[in-house]
Amino acid sequence: MPNDELMPIGAFAQRSGLTSSALRFYADSGLLPPAEVDPVSGYRYYSTDQVAQATAVRQLRELAMPLAAVEAVLGSGADEASRLLDEHVAKVVGDAAAVQQKAAVIKSALGNAPGLPIAVVKGPVLADAVEQVLTAAAHGSGRPALAGLRIEAGREAVTLTATDRYRLSTRTLVPAEPPSQTWAGTVNADELRAAAAQIRRSPLVRLEAVSNGIWFRAANREDRHCRLLPEEFPDYRLMLVSLGEVTTRATVSKDLLLRALEEHPGERIGLHVADHGVSVMSADEGHPDIPLPATVAGQALRIWFELTTLYPAVSTAIGPDVLLDLRGHDQPVAIRSADRGDLTTLAMPIKSDHSAREER
């Protein structure tokens, strides 16, 4: 007879969240054998010490992890188990993306409706633009449209835009062939990121719109489909036209500015723009300002930002210099590529709580 520390399979099933049939399966496979089996009745008993292992088995199997992988995770230390989990999740995500792409191809074939030609653009240029602009997209905001990329095709250009309401990044591309239609849609950002590598390897990419998404078609390569988001994208053009006149303009080395932002501690960064150049200020009174050579025109100005807002806006700029268009300490700063003005990012400042520094 089993001792008092053992429990029958039914009670163990309730404790572990596994069914009795699942426990029999895992026992027969050698993954979770019972602590004791009655030699007469064949009834299985489990110990309380096995509850944690059984729970882990259930959780791992809920991730669709194969038995061999479950056994490997349970038999590994924390670091190796974490690596195996990451490896499994990456495979699941990759498989899901492949299934989603194949489903899009099948749906397109079932519909048998021709897509709407939008534009033809250079693949490497489009991929670069996608990666630059998507740094301003939101994640987990509860607003799906803010996690997407707005694509707008006009008669002369294709415009890409993303915003998380603290940053707004927009870039215009000159198409290889004039757009045949005007079109606008907000594309699923995750699917577009996954497609970017293949787009980059294609000399020319044809954009073709269908009812539920957009196709990126290239010669001698598999077409990529990205879904459209039904939610309305913010009216960013209204914000752009409502911006005031530029009162201060500075041109500064992108690399020097990035290095200064990286060296400063804390989460808040200030810029002091004056005739002598641009100084990067820290919220920490004990940390000295970092002066940077710059060409400045207009009024002297101090303005503060969250590092996570300013740094990505500067890092994605094109070329060796950035052009800062400022309109006041409480207005968005436009960060433009000084040698190519078709990439512009707006970064929202924050209110400074360092009044002593402001008065210096």
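Biologist: Is Asp 330 buried, partly exposed or exposed?

Modeller: This is a predicted model, where local features need pLDDT of at least 70, side-chain atom pairs count only at pLDDT 80 or more, and totals for chains, interfaces and linings use all residues. Residues are numbered from 1 along each chain as its sequence is written, and side-chain values use heavy atoms, without hydrogens and water. Buried means under 20% relative accessible area, exposed over 50%, partly exposed in between (1.4 Å probe, protein chains only). Asp 330 has 48% relative accessibility, so the residue counts as partly exposed.

Biologist: What separates the C-alpha atoms of Asp 330 and Pro 349?

Modeller: Asp 330 sits in the loop between β18 (321-326) and β19 (333-337); strands (E, at least two residues) are DSSP runs, numbered from the N terminus. Pro 349 is 19 residues apart from Asp 330 along the chain. Their C-alpha atoms are separated by 6.1 Å.

Biologist: Which elements give two or more residues to the lining of the largest cavity?

Modeller: A cavity is a set of points on a 1 Å grid over the protein atoms alone where a 1.4 Å probe fits but cannot get out, and lining residues have an atom within 4 Å of a point. The lining includes Gln 198, Ile 199, Phe 216 and Arg 217. The elements asked for, with helices being DSSP runs (H or I) of at least four residues, are α7 (189-200) and β10 (213-217).

Biologist: Where is Leu 240?

Modeller: At 32% relative accessibility, Leu 240 counts as partly exposed. Its place is in helix α8 (residues 236-242).

Conventions: 1 Å grid on protein atoms, 1.4 Å probe; cavity = no way out; pocket = protein on both sides within 12 Å on 5 of 7 lines; lining within 4 Å.
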